[in-house]
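This briefing is arranged by topic for use beside the sequence and the model.

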Amino acid sequence: MSEQPHAEHAASGPHVNYLMIFGALCLLTIMSWVADEVGKQMGGTAHASADAHAPAVAHEPAAATGGFNWKILIGGIVLAIACTKATFVLLYFMHVKFEGKWIWAMLLPTLILALAIPAALTPDVALHYYTVETPQADEYANQQSRPEHHPDSPSNTAEGADGKVPQEKHPVTPEHPAKPAEGKHP
Amino acid sequence: MSTHAPADTAHAHDDHDSHGHAAHDSHGHGHELSFFQKYVFSTDHKVIGIQFLITTLLMLMVGGALALGVRWQLAYRFSTMPIVGQLVFANEGGQISPEFYTMLFTMHATVMIFLVIIPILAGAFGNFLIPLMIGADDMAFPTLNMLSYWFMWPAIFFFGLSFFVEGGASSGGWTNYPPLSAIRAAAPGSQDGQTLWLIGVTFIGVSSMMGSVNYMTTIINMRAPGMTLFRMPMTIWAMFITAILQAFALPVLTAAGFMILADRTIGTCFFIPGGLTVNNTPTTVGGGQALLWQHLFWFYSHPAVYIMLLPAMGMVSDMLSCFSRKPLFGYKPMVYSIAAIAGLGFIVWGHHMFISGMNPALGMTFMISTMMIALPSAVKTFNWLGTMWGGNIQFTTPMINSIAFVSMFVVGGLSGIFMAAVPVDIYIHDTYFIVAHFHYVLFGATLFGCFGAIHYWFPKMWGRMMNETAGKIHFVISFIAFNFTFFPMHFLGAAGMPRRLADPYNYPYLEHLLPLNQFMTWSAIVMGFAQFILLANFFLSIKYGKRVGRNPWNANGLEWTAPSPPGHGNFDILPVVYRGPYEYATPNLDVDYFPQTQYVPVEQRVNVAHGH
Amino acid sequence: MTHGHGVSTLKMGVPIPNAKLGMWLFLGTEIMFFTAFIGTYIVVRLGSPGWPTDTHVTHINILAGAINTFVLICSSVSVVLAHEAVHQGYFTKAKNLMILTLVLACVFLGIKSFEYYGKFQHDILPGHVPESNQQVLDKMVRELDVATGLTALRQRQVSVANELAKETNEERKPRLKAELDVVNTNVSGISKKLETPEFNDLRRKALAGTIKLDDAAKALEKLQHDHPEFKVVHEIHKPILYGNLFASTYFLMTGFHALHVIIGMGFFTHIIMLGNAGRLGFEHGTLVENYGLYWHFVDLVWIFLFPLIYII
């Protein structure tokens with residue numbers, strides 16, 4: 001029991017070189033940062049938007065870089081690094097390596113369930129077997145494809161000032177084909 | 001228990017701090033507890049269990065009253081309710097408005113599920129029975145246990161409060177589907193009442209989470225010497241697996257609840273699709289998915305269906321074996337089938353969503369996994385029948401309730417298979433067929449199991465018996481009225497009557513169902529009032545019941561070796577377990593039961609085994 | 001059966017104290033809790049036709065995320081060393097390591113709040129992000145109206161009118177009517193005050209959607225220069241497709257993580273207080289270990305949040 005520190009000390013047995021684990025974790029963090037930088041250089045589109053007219057969304061860089069999707073590669077690498085780091089923390093900091101089998105009986109089902117949720121949600125939420133209705137994306141596409149013109153239509157000034165939130169009054173076919181401002185984002 | 005506990009009680013109050021259970025039995029001795037410590041903010045698992053039991057019985061009456069409101073409307077639409085009508089809906093001329101009708105069924109389900117069925121099983125019986133049946137002095141974390149009870153009250157408060165805020169209580173159904181629940185303008189009940197509902201459910205979630213961590217720790221780590229896993233009574237197995245289900249499914253609902261709460265309050269858009277206009281409100285921005293909620297919700301709520309059933313299965317197994325005076329037929333298959341039901345229970349949630357526009361590939365997967373649940377369920381049913389077969393059956397109140405459990409479970413289970421099949425479900429989804437199904441399982445099975453369990457363990461709680469005659473009268477009335485109320489719902493469903501309609505007879509094809517609905521309503525009223533017999537029997541027996549000793553049923557479990565009612569620390573003699581709990585009618589014993597703690601010296605064991 | 005420390009030999013079960021088993025089980029529930037958020041983020045992101053990843057748009061600072069990762073790793077080390085120190089009987093060292101952990105947690109929250117500040121500054125908040133050109137302009141008009149006080153007055157107008165319509169007591173009606181008149185006068189008063197050509201022009205064109213975003217931005221800048229009361233209107237930026245969903249997931253995931261950090265800080269404070277009172281002893285080994293386990297879990301969550309939010 002707790003009044004026997006010596007027995008306890010012996011029981012807490014495993015002497016982990018925490019500093020080494022710490023070094024490994026730092027190294028892995030740097031690696032994921034480097035991977036990100038490499039991705040920026042190679043993919044070119046992950047963060048640095050080459051085209052100022054481009055929408056503020058990621059577009060698939062596959063076409064630009066000859067069919068090779070750097071984004072997915074980098075994503076895979078950084079996630080693998082994250083998993084490695086998590087394993088280090090679990091095994092050494094949380095002492096899972098030195099616990100009995102019971103810990104695996106508890107952890108493994110949890111991990112399986114945790115992976116099962118996104119996996120089961122994927123067919124429904126992530127992949128769409130139907131056409132997704134995304135008004136804002138449609139509108140954006142419209143704005144991009146249509147030539148610029150300025151209809152000087154009279155406006156209804158009362159609208160929008162009625163205290164309600166006047167969002168998306170022209171959901172699909174906008175009368176306002178202004179292009180996104182260049183370099184205007186903060 | 002371990003009486004060599006160290007004297008460091010300084011941190012015994014801190015749950016994170018308890019180095020072993022040992023620290024806990026040092027309180028309670030040596031100083032008198034005040035009334036509040038003893039009966040209100042008690043950390044004794046027995047008191048907490050009884051607190052849960054009484055609270056849930058009261059909530060049962062509240063939920064039943066809400067259900068009677070629903071039934072009244074279905075039988076006598078928009079006519080003044082007798083007595084209550086003028087009190088509650090005076091400004092509508094005593095009528096139930098369609099909006100209020102939706103609130104009634106939503107809150108009926110909410111109260112029954114979150115405040116009755118789940119807490120009566122896990123909270124009341126789990127708390128009372130787990131330490132007693134495994135031979136522990138208390139739960140692993142008594143303070144956490146107390147908190148898990150008191151976290152129920154904010155939920156009760158918020159649910160109650162929601163009726164009095166503008167727009168009234170939540171009216172989106174207990175499933176709380178967005179956009180009805182996510183957009184304030186969607187319905188009157190989608191205003192503050194819905195927010196309060198979500199807060200209440202979050203409290204219930206925290207309460208259940210604390211309870212389940214406590215149960216798992218207690219069952220894993222605090223069993224008496226000799227109580228190996230496969231000597232545990234089925235009740236404990238069921239409670240253990242229920243706790244696992246709860247611990248790993250519930251956090252998902254809690255998280256989803258926070259998401260929908262954020263959607264409602266701080267403008268996130270997890271579940272609100274973009275470009276949606278509801279009741280002339282501004283168009284929504286964003287791009288979430290309403291279907292996501294259904295997935296996350298049912299990821300919890302389908303396992304919750306088993307949370308609402310498995311403990312009753314366990315308790316019924318114990319009662320059936322005891323009153324058949326026979327060992328439980330197929331103990332290990334029973335354990336494995338409970339585990340299988342729980343495991344499958346995690347991967348069948350999509351069968352609630354067949355007509356939601358879900359990916360057909362998922363529909364097929366979920367249909368198959370759902371069908372597979374029939375296998376372990378059938379194993380259990382046949383084992384119960386096998387337990388009773390050829391037994392020396394004693395028709396006590398707990399026994400007849402348990403038999404009702406088995407038979408009603410069969411009816412509810414069989415109708416479940418209809419809905420598991422996608423093509424059939426497309427027709428009967430959201431009709432009264434499903435209402436019949438889940439009432440057969442939740443009321444017919446679980447509640448009858450609970451009625452049995454109340455009568456069975458009552459002597460352990462109070463040292464007195466409940467009145468057998470009153471118990472049987474209560475059973476007969478409830479059972480007949482229950483079947484008269486819910487069996488016709490199968491026909492309503494087959495006739496295509498949708499659930500959740502305040503006035504189904506608006507549609508000519510449903511007009512002819514009115515007389516049947518009136519009959520069901522009167523049955524429901526009889527059933528509702530029959531529960532007063534139970535309440536009266538329960539509360540009067542506490543005071544006037546026949547006094548009994550430790551083991552009135554001649555049962556084997558560890559709990560029957562403790563005094564009735566057990567004092568603080570439960571056991572006066574340290575229990576040591578030598579065998580499983582179902583050794584009834586062992587040949588060549590003087591009595592037909594063989595308690596788990598009874599030691600047989602080696603030379604006699606031979607005699608027992610070979611029949612000399 | 002068992003012979004671990006703090007475990008009675010008179011019990012069945014695993015050879016660890018109840019409290020530690022309970023903590024591990026609790027962490028299991030926590031895994032599921034964060035799974036719901038992270039899983040939602042993953043599927044929602046995969047399911048969205050676009051996602052803002054440009055750091056200039058999202059104001060995500062990879063360096064800040066990496067430093068925070070480093071800070072949490074450091075704190076994990078200090079907390080595990082504190083646990084070891086308690087076991088070896090170096091209670092002052094353990095207390096000091098706990099103080100270090102607490103400081104590191106504060107640093108983490110500091111960097112986090114710096115990031116949050118950037119988001120608030122640029123209004124990258126759930127429900128505030130315009131996703132089309134018209135929404136950008138509408139948002140500007142909305143904020144202009146709030147700045148002029150028009151919005152508040154209009155709301156008052158509607159509520160007084162509603163009250164008047166509902167009022168059945170004839171005696172109270174004149175008072176409400178008078179109030180409505182006052183509000184109406186104020187509304188037209190404000191409208192008149194604002195009838196400067198450039199404001200009206202900008203507002204009208206924005207509502208009609210007949211102005212380019214950069215023109216609107218220039219006009220707004222000029223307006224803000226001339227009338228400082230319009231400084232509250234947010235700078236115009238490009239529409240951000242799925243910016244709201246991004247902000248929703250970002251804030252809920254990091255927010256709940258930050259909440260866990262704050263709870264952990266409470267745990268550390270507890271140990272530090274025990275240490276200060278001179279009561280920290282061998283019997284607190286399990287307690288320190290449990291707090292450590294919790295803290296490592298918080299670190300683990302961040303280890304996954306960092307690549308998921310900041311890099312991918």
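In chain C, in which helix is confidence lowest, and in which is it highest? Mean confidence in chain C is lowest in helix 7 (residues 173-193), at 79, and highest in helix 10 (residues 243-276), at 95; the score behind these values is pLDDT, the predictor's confidence in each residue, from 0 to 100. The model is predicted: local features need pLDDT of at least 70, side-chain atom pairs count only at pLDDT 80 or more, and totals for chains, interfaces and linings use all residues. Residues are numbered from 1 along each chain as its sequence is written, while chains are lettered from A and ligands numbered from 1 in the order in which they are written. Helices (H or I, at least four residues) and strands (E, at least two) are DSSP runs, numbered from the N terminus.

**Confidence**

- The model as a whole has an ipTM of 0.90 and a pTM of 0.87.
- Chain C has an average pLDDT of 87, with 96% of its residues scoring at least 70.
- Residues 1-7 of chain C have pLDDT below 50, and this stretch makes 26 contacts in the model beyond near neighbours in sequence; two residues are in contact if their C-beta atoms, placed from the backbone, lie within 7 Å.
- For chain A the mean pLDDT is 65, and 49% of the residues reach 70 or more.

**Domains**

- Chain B is assigned domain 1 (47-273 + 285-308), domain 2 (325-548) and domain 3 (561-612); such bounds come from an automatic or database domain assignment.
- In chain B, the C-alpha centres of domain 1 and domain 3 are 40 Å apart.
- Contact between these two domains of chain B involves 10 residues of domain 1 and 13 residues of domain 3.
- On the side of domain 1 of chain B that touches domain 3, six residues are nonpolar, two polar and two charged; Ala, Val, Leu, Ile, Met, Phe, Trp, Tyr, Cys and Pro count as nonpolar, Asp, Glu, Lys and Arg as charged, and the others, Gly among them, as polar.
- Chain C is divided into domain 1 (18-128 + 242-311) and domain 2 (133-232), whose C-alpha centres are separated by 43 Å.

**Helix packing**

- Two packed helices are described by the angle between their axes and the distance between the axes.
- Axes are lines fitted to C-alpha atoms, for helices over the stretch in contact, and angles run from 0 to 180 degrees between N-to-C directions.
- In chain B, the axes of helix 4 (residues 98-134) and helix 10 (residues 310-324) come within 9 Å and cross at roughly 40°.
- Helix 4 and helix 10 of chain B are therefore oblique to each other; angles under 35 degrees count as roughly parallel, over 145 as roughly antiparallel, 65 to 115 as roughly perpendicular and the rest as oblique.
- The contact joins L121(B), A122(B), F125(B) and G126(B) of helix 4 of chain B to P311(B), A312(B) and M315(B) of helix 10 of chain B.
- That contact of helix 4 with helix 10 of chain B comprises six nonpolar residues, one polar residue and no charged residues.
- In chain C, the axes of helix 1 (residues 18-47) and helix 11 (residues 285-311) come within 10 Å and cross at roughly 15°, which makes helix 1 of chain C roughly parallel to helix 11 of chain C.
- Residues of this contact include M23(C), L27(C) and F34(C) of helix 1 of chain C and L293(C), F297(C) and V301(C) of helix 11 of chain C.
- The axes of helix 4 (residues 91-121) and helix 10 of chain C come within 9 Å and cross at roughly 155°, and the two helices of chain C are therefore roughly antiparallel.

**Backbone geometry in chain B**

- The peptide bond from P178(B) to P179(B) is cis, with omega near 5°, and P179(B) is in the loop between helix 6 (152-162) and helix 7 (192-221) of chain B.
- S564(B) and P565(B) are joined by a cis peptide bond with omega about -10°.
- P565(B) lies in the loop between helix 17 (514-544) and helix 18 (602-610) of chain B.
- N554(B), a residue other than glycine, has a positive phi near 55° and is placed in the loop between helix 17 and helix 18 of chain B.
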